[in-house]
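Let's take a walk through this protein together. Have the sequence and the 3D view open as you read.

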Amino acid sequence: MEMERRDFKGENNANANTNANTNANAMPSEDVTVDWRGRPSNAVSHGGMRAAAFVLGLQAFEIMAIAAVGNNLITYLINEMHFSLSKSANIVTNFVGTVFLLALFGGFLSDSYLGSFWTMLIFGFVELSGFILLSVQAHVPQLKPPQCNMLESDGNECVEAKGLKALIFFVALYLVALGSGCVKPNMIAHGADQFSPQSPTQSKTHSTYFNAAYLAFSIGELIALTLLVWIQTHSGMDVGFGVSAAVMALGLISLVAGIFYYRNKPPQGPIFTPILQVFVAALLKRKQVCPSNPHMLHGSQTSNDKVGLSSHSANLIPTQKFRFLNKACIKNQDEAAKESPWRLCTPNQVEQVKILVSVVPIFACTIVFNTILAQLQTFSVQQGSLMNTQLTKSFHIPPASLQSIPYIMLIIIVPLYDTLFVPFARKFTGHTSGISPLKRIGFGLFLSAFSMVSAAIMEKKRRDSAVNLNQTISIFWITPQFLIFGLSEMFTAVGLIEFFYNQSIKGMQAFLTAMTYCSYSFGFYLSSLLVSMANKITSSSSNGGWLHDNNLNKDRLDLFYWLLAALSFLNFLNYLFWSKWFAEHPSVSQKPQHNDNPHHGEDYHIYNFNSSKNNVDDYVP
């Protein structure tokens with residue numbers, strides 16, 4: 001098994017390496033992919049939607065397992081672990097934030113050492129072990145505090161989980177976080193890797209894949225927020241956690257079942273070295289002056305580029321964006337012929353670093369968006385628990401299932417978007433995805449502000465009815481904020497993933513995809529910070545702040561939602577500036593693309609980041 005694993009990673013299979021090197025030298029524009037044994041893949045037997053379907057299966061099952069836990073976790077923390085409302089909300093947001101932050105670690109391991117398949121398989125089992133441990137703790141009374149009703153006693157007589165009980169819980173919770181964080185970016189990247197960007201037909205299918213991935217996500221979320229949350233509510237959290245473990249096991253089975261059909265991109269070695277080389281070289285040559293003609297820089301004088309660029313980067317010359325980094329390409333004429341890669345870099349390598357720097361503002365503009373998502377998984381669930389959840393005489397809607405509302409809508413809208421809107425828009429824009437990912441992100445950010453406006457208006461109505469009229473309004477009053485945000489997420493989340501994957505440098509697809517999940521992480525951490533700051537700033541001697549009490553009827557959640565609505569609108573204006581800057585200042589200078597290029601547009605660039613591993617003087621004409 002170990003030998004198969006090493007071959008799969010493309011490290012010990014001599015034939016695979018020979019063929020891969022031959023292919024890379026003969027056709028530098030092609031991605032080198034291998035099958036499960038490390039042999040070069042072929043278009044007939046490997047890749048395509050058939051292979052991607054197995055990855056979509058893992059994605060649906062994985063999100064189903066973790067969503068059932070994460071979306072109802074605040075109820076478990078309050079009712080069984082006896083944490084306060086604000087502390088429980090922060091535990092949830094910190095947990096979800098950690099999941100997405102660890103996506104960077106998973107992307108790094110995949111691109112550098114393990115490859116997407118092995119990263120998903122190994123950390124999939126780590127996530128599974130966390131679900132099992134959560135189920136065991138929830139089932140054994142000795143591992144939980146004594147039972148107590150937090151609402152009836154106002155939490156004063158309830159014992160909060162501490163010591164070994166808290167330790168077991170947090171170990172289990174963060175095993176899930178580690179596993180899920182490392183699996184998530186590789187599901188998207190590995191599925192997208194099944195489509196060759198050089199094929200116009202597969203490129204269109206590639207765009208469909210991103211929508212299909214979000215559809216699989218929506219299906220998994222819907223089942224988690226209805227069936228699995230219902231099981232948690234009626235059979236106990238121990239059974240609910242156990243079901244999540246079983247569902248995760250099904251996801252791993254789906255992943256392994258497709259092993260014979262995958263196109264696998266071998267790991268490329270440490271992916272940060274070429275990035276550091278550019279900054280070090282530019283810093284060492286900071287006092288030198290760049291030539292006025294960029295063609296005079298090292299590696300720009302020839303049209304026969306030997307560094308393995310993609311077909312989209314032929315005749316690459318350094319751009320004026322972040323011109324300081326161009327100094328890394330200045331060849332020192334006073335020294336010997338050979339210079340260290342830490343002192344002299346190729347224009348291709350410099351432009352790759354510029355791409356990474358350029359996407360940071362776009363990434364930052366989605367943080368506030370994900371802060372809003374955090375509210376729908378914490379405070380909005382608590383809102384629902386204080387409303388009339390009765391649907392029929394015998395059936396009550398679990399508050400955590402409120403989050404299923406947008407996914408019911410999205411399961412219908414996403415296929416219609418891909419089959420009707422995208423082909424229609426493509427006729428006018430010429431873009432493979434119908435509209436560019438940048439425009440898609442912007443429209444989603446614009447909608448997100450109205451989600452918080454709706455939430456603030458509804459919370460004011462709910463609180464006034466409860467406090468002034470002693471009435472409990474129907475839980476369906478809360479649905480607009482979920483519907484608006486669901487539509488917003490369809491545009492922003494899918495657009496962001498497609499945007500980052502299209503920017504990806506060869507060998508960094510998983511890591512660049514992981515950056516999109518990092519936005520979720522920072523958004524959830526920002527939510528925790530805003531809650532604490534709002535309480536501190538609005539507190540007084542007689543008032544503990546907007547979100548101080550465990551009872552929303554005493555808190556001012558509506559004012560907090562108005563704050564988020566204002567921040568969201570300002571964030572949208574900020575995004576308009578940076579998206580315009582990104583479109584007007586491309587990170588590359590190259591020959592115009594032919595119109596039949598399926599990815600032509602303002603936000604598609606792809607380059608090989610591993611050319612720097614060769615001796616830089618091999619590139620001197």
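A quick word on the model: it is predicted, so local features need pLDDT of at least 70 and side-chain atom pairs count only at pLDDT 80 or more, while totals for chains, interfaces and linings use all residues. Residues are numbered from 1 along each chain as its sequence is written, and side-chain values use heavy atoms, with hydrogens and water left out.

Helices here are DSSP runs (H or I, at least four residues), numbered from the N terminus.

Now look at helix H6 (residues 116-139) and the helices that pack with it. Axes are lines fitted to C-alpha atoms over the stretch in contact, and angles run from 0 to 180 degrees between N-to-C directions.

| Pair | Angle | Axes apart |
|---|---|---|
| H6 and H7 (residues 163-192) | about 150° | 7 Å |
| H3 (residues 48-70) and H6 | about 30° | 12 Å |
| H5 (residues 85-114) and H6 | about 130° | 8 Å |

Angles under 35 degrees count as roughly parallel, over 145 as roughly antiparallel, 65 to 115 as roughly perpendicular and the rest as oblique. So H6 is roughly antiparallel to H7, H3 is roughly parallel to H6, and H5 is oblique to H6.

The H6 and H7 contact has 17 nonpolar residues, ten polar and two charged. In that count, Ala, Val, Leu, Ile, Met, Phe, Trp, Tyr, Cys and Pro are nonpolar, Asp, Glu, Lys and Arg are charged, and the others, Gly among them, are polar.

Finally, the salt bridges: the count comes to six, each being a side-chain nitrogen of Lys or Arg within 4 Å of a carboxyl oxygen of Asp or Glu. One of them joins Asp-193 and Lys-265, with the closest N and O atoms 3.4 Å apart.

Note on methods. Helices (H or I, at least four residues) and strands (E, at least two) are DSSP runs, numbered from the N terminus.
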